Amino acid sequence: MAPKKKDEPGFSRRSFLKTVGAGGVAAGVLGPASTAEGQNVKAIGPAASPIQLNVNGKFHRLEVEPRVTLLDALRTRLNITGPKRVCDRGSCGACTVILDDRTVYSCSMLAIEAQGKVIRTAEGLTEGTVLHSVQQAFCDHDGLMCGFCTPGFVTAAVALLEKNPKPTRQEARKALDGNICRCGTYPRVLEAALNPKSAAGVKRG
Amino acid sequence: MARRRKKLEAGSWKLEAGTQQPPPPAAQAAPPPAPQGPPRNWPPVADRTLIGKSIKRLDGPDKAQGKAKYTYDIIRPGMLYGRLLGSPHAHARIKGIDLSAAEKLAGVKAVLALKDPAGEGANGKAFYQGDEIAAVAATTEDIAEDAVRLIKVEYEPLQALATAAQAMSADAPAVFPKGNVSQQSLQQEGDVEAALKSAAHIVEGTYSTQVQTHTSLETHGGICEWEGEKLTAWVSTQAVHGARDGIAGSLKIPQTNVRVITDYMGGGFGSKLGFDYQVVVCARLAKLANAPVKLMLNRKEEHLVTGNRPSAYAKVRAGVDAKGKLVAFDAETWGTGGAGAGAAFRVPYPIYVFPSRRQRHRDAYTNAGPQRAFRAPGHPQASFITEVVLDELADKLRLDPLELRMRNVLSATDPSQEDPSRQWRKYFPMGAEKIGWSKRHPTGDPASGPIKRGMGCAGNTWGGAGSRATRANCQILPDGSVLARIGTQDIGTGTRTLVAIVAAETMGLPLTGVKAEIGDTNYPFAPGSGGSVTVASVSATMRIACENARDELFAKVAPALGVEPSALAAKDGRIQVKDAPSKGMTWREACKLLGVQPISADGAFGPGLSSTGTSGVQFADVEVDIETGVTRVKRIVCVQDCGTIMDKLTAESQVYGGIIMGLGFALYENRILDRNTARMVNPNMEWYLLPGMSDIPEIDITLVDQPDRGPVGLGEPPVISTAAAVANAVANAIGVRVRKLPLSPDAILQALNEERTGGTL
Amino acid sequence: MKSFAYVNAAGEKEAVAALSPERGRFLPLAGGMDLLALMKDYIAQPDRLVNVKGLDRAIARTPDGGLRIGAAVTLTQLAESAEARRMYPAMTDAAAEVGTPQIRNVGTVGGNINQRPRCWYFRNEEFPCLKKGGSTCYAVDGENQYHAIFGDGPCHIVHPSSLAVPSVALNAKFRVVGPTGERVVDAGEYFQMPDRNLFGETVLAPNELLTHVMLPPPGAARTATYEVRFKQSHDWPLAFASVALSMSGDTVRGARVVMGAVAPIPWRSPAAEAALTGKRLTEEAAMTAADAAVQGAKPMTLNSYKVQIARTAVKRAIMKAAGLKTV
């Protein structure tokens, strides 16, 4: 039989804190909002409130309205422009970032909900001046042309290899199915993803 | 060809409906005088250190690290965000525009009306969904969007034309000032009627291809920043000089006051060759707000207003004689390029000899965004139509379709000479061997079960010559640095790397010994990156500029070595005597001789370094599930030339890219308008379908090097024949002809239900 | 998108209390893959979002030997659950095919089941369609190649959820909480046809939440989902089917056959089920059942091809469930 706490629906305190912000700061302008039964509910926004985002190993403080997506927070507030805005609807993958250990479409996530997560973009994969082995593979195999889709593909490939260092062609394809390239670099992106310079180079930072 | 321009009351500029996007300036200006000087040449093949090798892109690392800054990424101090209001109606009169609520919103710094309710023609009307009505600049994008939604426009919706058929119908409403349908144009050679009468077999059918949108990942737009009367514009463009001229012209300011910068751009495919109205609007907002403004289109706007490949329809009668020689191709054709824009294409596709041909063509105008040049304009449509007809004729003859092509494809005018731009006779058998054509069954896979396999083929041609208008500059500095400057742009093709390859090869230096600077109107003129002219234009011109600079260095070095300059060579990082290589000095030592005076040498496009004309073939191997109509392409084989391969790695990537775009055209892409309102129902990347990773077949490329021809453009050739080859493969598989694109499941199932072709050998 | 306030709910009660009985005013936010897009297109314009990712996100065995899946479980979690795969392949097959990895990593079971239709008239603000309170279904005379082939309207959407269909085939129950407490709804009763509910697709009131999908013990049932879609990388299905068979040797004792992407709700076919019951499971029997499944289809002007695809999906789902080769 499953452990007792799993059978109980609802928040655990830990998951509550994760959502609000691991920094422990009560998020922003918490004002009372009414509920059907007149209970007070702590609401954030619509005005901007302070949040903290952990991006590529650095903590950033910024103020955003709830409606600001993680993508727009990265690009317009933090000048982290590797993730791109292309379809803005979760259809193309150009905005892909790694959240904890999984790829997500940053255009389809609110910035306030990305608090307490470890966010990595293509920019954060380089160590000093040394390219990540996946980035190097993209260069070696020419898995890029105009390059607009490239940061998204690179993060998707890194997330794949961190979980599955020796994927089959089929597994690699499926893992990269969430990213679109208009220039048509797919064959070489696949080769790059299957042949990073060294599998040992693909490690969680 | 001049285009009429009309200035709006509101002070903005827009093309009148009924005219097209201006073509890239280089293509239309009177050509400069014939290139001067004796023909230059590339180093002998054996001596080439970089040219023809697989050279990695110089900007690969920046792109892979997300450090490359595209227009969409750039943030300027004090920058505002611009947004447009587009018409929700495909056809409407603008009765009133009320900007007041938008102007009052906190954070809004500029608001402009772009249409004039009292105006005539395009001024006072919307002719397609997305037609720009107003624009806003605000401190954040969210505020700009809020402001746009506060603008109140009074529309009088009018009946809209959604399809070519509607436009051509007798009871169509009068939508366009010059009529909904153009005059019919006629082209003919020989006597088609007589030829068809004498034909042993005739194929008659109606063929069609769909409207395709470019779907560049980086949308159109720019950042405009004024300093007094000088404007700097970072634009996502394929033509920095074209953009500059267009912006200056629209704003009526001197071209010298405008600088356009495109360091990186996220794709164009032809849609970013002219200047963009949206960038002009951006400039006006920036002036009004007295702050830099970034205005980038969103995905919906991108689908609606930035151009497309027009649809193509052809009612064909084609004939062949009993010996398998084509005799006639007669076609009534039409298509729509949207609001007031043409849909021209030429059939039959010109690589096959039809002694008699006739084409009567009309453009039908619809209330949709006007077309723009899209990678090999006209060719994929014409290739599909012609190649499917050829396979149908082959079936009537009970002849292998490959054999029919071999009997009729163009070859050299003089049979004793080989024409390097007409190599289909060589390439078809090469491709056939690679795909296993000998195992191909006649039309209709006899295997049991719902999965049918089939093969098809098609050929392509393109020009891709260099532009005489191209200029370049090369500087050699006293510390040995080399700067190669040219105002071309790298749209993903690898042009930046190409410039460095040419400079380094010429100077005998490694790639790291030179710096390529591109993408700025401050640099010498280069044509827009369209028409596949770039590799020829840029390599030839940069070669000449670099040779001129190098020769100036030789002149400095020669006395020190006691030889004539003509005795010198630049090789392996040295300047040395050709016949006595140990006599020389290092590059650095040579440059020290310059003292304080750098060398700066210009080059103009000249003869001997590039060529024109390419040929290619593609074969497709497909699998069709006849219980679902789903087609999967298993393999594409491509044999393609491009003159001298300058960088093998990036050239191959171009070919993959063209083929994959051709696959999208064959199977998935379709700009769908609601037939009642002419609004696009799929202006997104959810329902405008592009191939993804799991949709890509095995692709086998043979890029044929012609090392002594000089480079010829490769951007367009590989997109042309893919859909035709796939369509022929599908018919071979299912035993039924599908005469339209895209080859969607409903098209396949419909064809299976409607008609079965005979035809077996 | 329009500005909104954001609420983190500490638990079910608080989440329900933070919602509103007024449709569309306050909306629950799970993974956001559907809702944020709807908001960017101004189809949804809530004043408040209530974060429900903290609802139960466990997959747990129930005392009766079934499985209880929390609504906040992500699709990746469900697809990767070895236990769920072993017990209900029809469910995990469906979960694994939803969208793309990025979508599955944040998309939740509850969000998938409650997502709004993909109909391009519904999703484009310029069309004031029936479902949005207007007077016209634009699909009827318009571009209906992806619309319903069953049902009499007045709205012709197809239900977009991949999990809804196996839920019905597996006879799942949904636990719902609202202001008056909790209730349990059969999956087969949860989804509503447009003539009963035009502005929504399910029985959920605006201030109710789906908290769990409860699957009965699988017994020896053989289940499968078979999907037909065009693009392999990322595309909506043209038609799909989930089948649950209880077998006695190679004879079908009982069957549940449900189709997806063909109607405004998961479309169960009693005729197909009857055609299978008591029969030896062969390709022929599957074909007969598939033919029965599409009897009574009412295609629109452009989508009669979907009848053939639905038929194929049913046949191949039956074959797959039976462990026979599908193609």
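What covers the buried residues of H11(C)?

## Ground rules

This is a predicted model, in which local features need pLDDT of at least 70, side-chain atom pairs count only at pLDDT 80 or more, and totals for chains, interfaces and linings use all residues. Residues are numbered from 1 along each chain as its sequence is written, chains are lettered from A and ligands numbered from 1 in the order in which they are written, and side-chain values use heavy atoms, with hydrogens and water left out.

## Helix H11 of chain C

Let's take the opening question now. The cover over the buried residues of H11(C) includes strand S11 (251-260), helix H10 (270-276) and H12 of chain C. Helices (H or I, at least four residues) and strands (E, at least two) are DSSP runs, numbered from the N terminus.

H11 itself spans residues 283-293 of chain C, and its buried residues are C:Ala285, C:Ala286, C:Ala289, C:Ala290, C:Ala292 and C:Ala293. Buried here means under 20% relative accessible area with a 1.4 Å probe, protein chains only. Viewed down the axis of H11(C), these residues fall within an arc of 160°, so they line one face of the helix; the arc is that of the directions from the helix axis to the C-beta atoms.

## Where chain C meets chain B

Here 32 residues of chain C are in contact with 42 residues of chain B, contact being heavy atoms within 4.5 Å. About 3,200 Å² is buried between the two chains, with 54% of that from carbon and sulfur atoms. Buried area is the accessible area (1.4 Å probe) that two parts lose on being put together, summed over both.

The rule finds seven salt bridges across the interface of chain C and chain B, each a side-chain nitrogen of Lys or Arg within 4 Å of a carboxyl oxygen of Asp or Glu. One salt bridge joins the side chains of C:Arg316 and B:Glu627 (2.9 Å, N to O). Helix H12 (residues 305-321) of chain C gives six residues, the largest share of the side of chain C that touches chain B.

## Where chain A meets chain B

Turning to chain A, 46 of its residues are in contact with 54 residues of chain B. Together, chain A and chain B bury about 4,200 Å², 57% of it on carbon and sulfur atoms. The salt bridges between chain A and chain B number nine. B:Asp146 and A:Arg67 meet through their side chains in a salt bridge (2.8 Å, N to O).

Notes. Buried < 20%, exposed > 50% of the residue type's maximum accessible area, 1.4 Å probe, protein only.
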